[in-house]
Amino acid sequence: MGGIIHSLLAVLPLAWACVAIGWRKMPAMHAALRCYALAAVLAVFPFHASAGEVMHGTIRGVLLALIVVYVLIFGLLLHNVLEAGGAVRALSAWLSGFGRAPAEQALLLSAAIGPFLEAVSGFGLAVVIVAPLYAALGFPARKAMVLALLTQSAVPWGALAIGTVINAELSGVSLRELGEYSAWLHVPLALFYVGAVVAVSEGRRSVRKHFDDMLIVSASLAFMTWAASAYVSVELAGAAAGGFAAVLLVGYWQLKARVRGHVREAGEEAVRPSLGKALWPYAILIGYIFITHFFDGVQRMATTFGVLHWPLYGVRLELLYSPGFALWLAALSACWLYRLSAAEVLACVKKTVKQVTPAAVATTGFIAMSAVMDGAGMTGALAEQAAAWTGSAFLAVSPLVGALGGWMSGSNSAANAMFSPFQRAMADQLHEPAIWYAAAQNVAASNMTMASPARIALVASTLGRPGGEGEAMRLVGPIAGAALVIIVLGVLIGRAAVGM
C-alpha cells in the first residue's frame with residue numbers, strides 16, 4: 001500500500017504539468033516553476049530527501065538546462081538575424097517553388113530536412129529553424145507549432161545519436177545492435193509520422209492525394225536509417241536518412257513535373273541572388289558541427305579548450321563543441337553577409353532576449369524538477385511500481401517508462417541516463433534479452449520529447465506565442481500518444497517473432 005501511495009504522490013508534479021499547461025492554459029514558464037516547487041516539497045516530506053539533496057538536484061538541473069539554453073539563445077539569435085537580413089523570406093520562396101501544396105512543403109520541412117537538422121545538431125534545434133519557415137510560408141501558428149514539433153520524430157539519432165550511445169553503454173548492449181533494433185521499431189513510426197505531417201498541414205482527406213509522396217519519404221527514412229545503423233555508423237544514420245529523403249523527394253517531384261511537361265522552379269528569379277546568402281549561415285552551422293565531430297584533431301581541441309566542468313554534479317559544458325557555438329558563428333557570419341547595421345544587430349539581440357526568457361525559464365524549471373525527482377527517488381518509485389504491477393509482462397510497460405523520462409526531461413540523453421540502468425535490471429531479473437528493453441527505452445523516450453513541456457515552450461517562444469503552449473500540447477499530445485501505442489505493439493510483436 002505504501003508503494004502505491006508513494007507512486008501517487010510522485011506523479012503529482014507530472015500531472016500538474018499536464019493540467020496547468022493543457023487544461024488551465026498556463027504559460028509553461030509559470031507551470032515549470034510551480035512544478036519544480038511541488039517536486040521539491042514532495043521530495044523533502046514523503047520521500048525524506050534532505051534540503052542538501054534537493055539543492056544538489058536543483059543545481060544539477062540548472063546546469064543541465066544551461067547546456068540546452070546555450071543552444072537555444074544562439075539558435076534564436078540566428079533566426080532573428082536571418083529574418084532581419086531577408087533570408088527567411090528567400091528560403092520560404094525557394095521552398096514554395098519545390099513544394100507548392102502545404103502538404104508538400106510540410107513533408108520536405110518536417111519529415112526530411114527537420115530530422116536531418118536534428119541529427120546533426122540535437123537539442124531541439126530543428127524546431128528553432130523550421131518553425132519560422134512555416135510562419136514565413138503562411139501556415140497558421142497552431143499548425144506551425146505542431147509541424148515544427150514533428151521534426152523530433154527521429155530523435156534516437158539526434159545530436160549524432162548521443163542518447164543512443166549513452167543507452168548502449170548503460171544497458172550493456174552493442175551500439176550497432178541497439179541502432180539496428182531502434183531502426184526496426186522506427187519503421188512503422190516513419191509512415192505514421194509522415195501521415196501525421198500531411199494530415200496536420202492539409203487535412204486528413206489529403207492523405208490519399210499525397211500517398212505517393214508519403215511512401216517515398218517514409219520508405220527512404222526507414223530504409224536509410226536501418227541500413228546506415230546496421231552497416232555504416234549509428235551516429236550518422238539520422239543525418240543520412242534525412243538528407244537522402246529530402247533529395248529523393250525533390251527528385252521525385254522534378255521527375256513527375258518533367259513527365260507532365262513542366263519543371264518545378266526552386267523559387268522565383270527575384271530571390272535567386274539572395275538564396276546563396278540565405279543558405280551560407282546554414283552551411284557554416286552544419287560544416288562546423290561535422291568538422292568538430294569527425295576530425296580527431298579538431299574534436300580534441302574543441303573538447304579540451306573552453307570547457308566548463310562541474311564534477312560534483314556530473315555536468316560538462318563544452319562551449320566550442322556544442323552546437324551553440326556553431327550557431328553563434330552562423331549568426332555572426334549572417335550579420336556580415338547581410339551587412340546589418342549596429343542598430344539592426346542590437347534589435348535582433350533585444351528580440352532574442354525577449355523570446356528566450358520564457359523558454360529558458362520553462363526548460364530550466366522542468367529539468368530541475370526532473371533532477372530533484374530523480375535524486376529523491378520519486379522517478380524510481382514510479383518505475384518500480386509499474387514493474388510490480390506488471391511482473392513478467394513488464395516488456396509491455398518498458399516503453400511507457402522510457403516515455404516518462406523523455407516527457408519529463410525533453411531529452412533522449414537525459415531520459416536514457418535516468419532509466420537505462422533500471423531497464424537493464426528488469427531484463428536481467430526476468431531473464432530476457434536486454435536489447436529489447438534498451439530499444440524500447442531508446443525509441444519511446446525519443447519520441448515523447450516532442451510532447452515534453454520543454455520542447456513545447458521552445459516552439460511557442462520561437463513563434464512569439466508565449467501562452468500558446470496549452471494549444472500545442474493538446475494538438476501534439478494525441479500524436480505522441482498514438483506513436484507510443486505503435487512502439488509498444490512493435491516491441492511485443494518483435495520480441496514474439498524473435499522468440500519463435
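Start by selecting Lys 351 and Glu 83: their side chains meet in a salt bridge at 2.8 Å, N to O. A salt bridge here is a side-chain nitrogen of Lys or Arg within 4 Å of a carboxyl oxygen of Asp or Glu. Lys 351 sits in helix H17 (residues 342–376) and Glu 83 in helix H4 (residues 51–84), so the pair ties together parts 268 residues apart in sequence. Helices are DSSP runs (H or I, at least four residues), numbered from the N terminus.

Before moving on, note that this is a predicted model: local features need pLDDT of at least 70, side-chain atom pairs count only at pLDDT 80 or more, and totals for chains, interfaces and linings use all residues. Residues are numbered from 1 along each chain as its sequence is written, and side-chain values use heavy atoms, with hydrogens and water left out.

Colour the first pair by accessibility. Lys 351 is partly exposed, at 37% relative accessible area. Glu 83 is partly exposed, also with 37%. The classes are buried (under 20% relative accessible area), exposed (over 50%) and partly exposed in between, with a 1.4 Å probe and protein chains only.

The whole structure holds 8 salt bridges. Select Arg 142 and Glu 471 next; their side chains pair at 3.2 Å, N to O. Arg 142 is in helix H8 (residues 141–149) and Glu 471 in helix H23 (residues 469–499), 329 residues apart. Arg 142 is partly exposed at 40%. Glu 471 is partly exposed at 23%.

Now go to Asp 213 and Lys 256, a salt bridge of 3.9 Å, N to O. Asp 213 belongs to helix H12 (residues 211–231), Lys 256 to helix H13 (residues 234–259). Both residues of this pair, Asp 213 and Lys 256, are buried.

**Asn 412**

Jump to Asn 412 in helix H20 (residues 412–429). Asn 412 is buried, with a relative accessible area of 5%. Its side chain makes polar contacts with the side chains of Asn 442, at 3.4 Å, and Ser 446, at 3.0 Å. A polar contact is a pair of N or O atoms within 3.5 Å; within protein, one must be able to donate a hydrogen and the other to accept it, and residues adjacent in sequence count only if both atoms are side-chain atoms.

**Helix H7**

Finish at H7, residues 125–136. Of its 12 residues, 10 are buried, including Leu 125, Ile 129 and Tyr 134. Just past H7, Gly 138 has a positive phi of about 95 degrees.

Technical notes
Helix = DSSP H or I, 4+ residues; strand = E, 2+ residues; numbered from the N terminus. Expected span 1.5 Å × (residues − 1).
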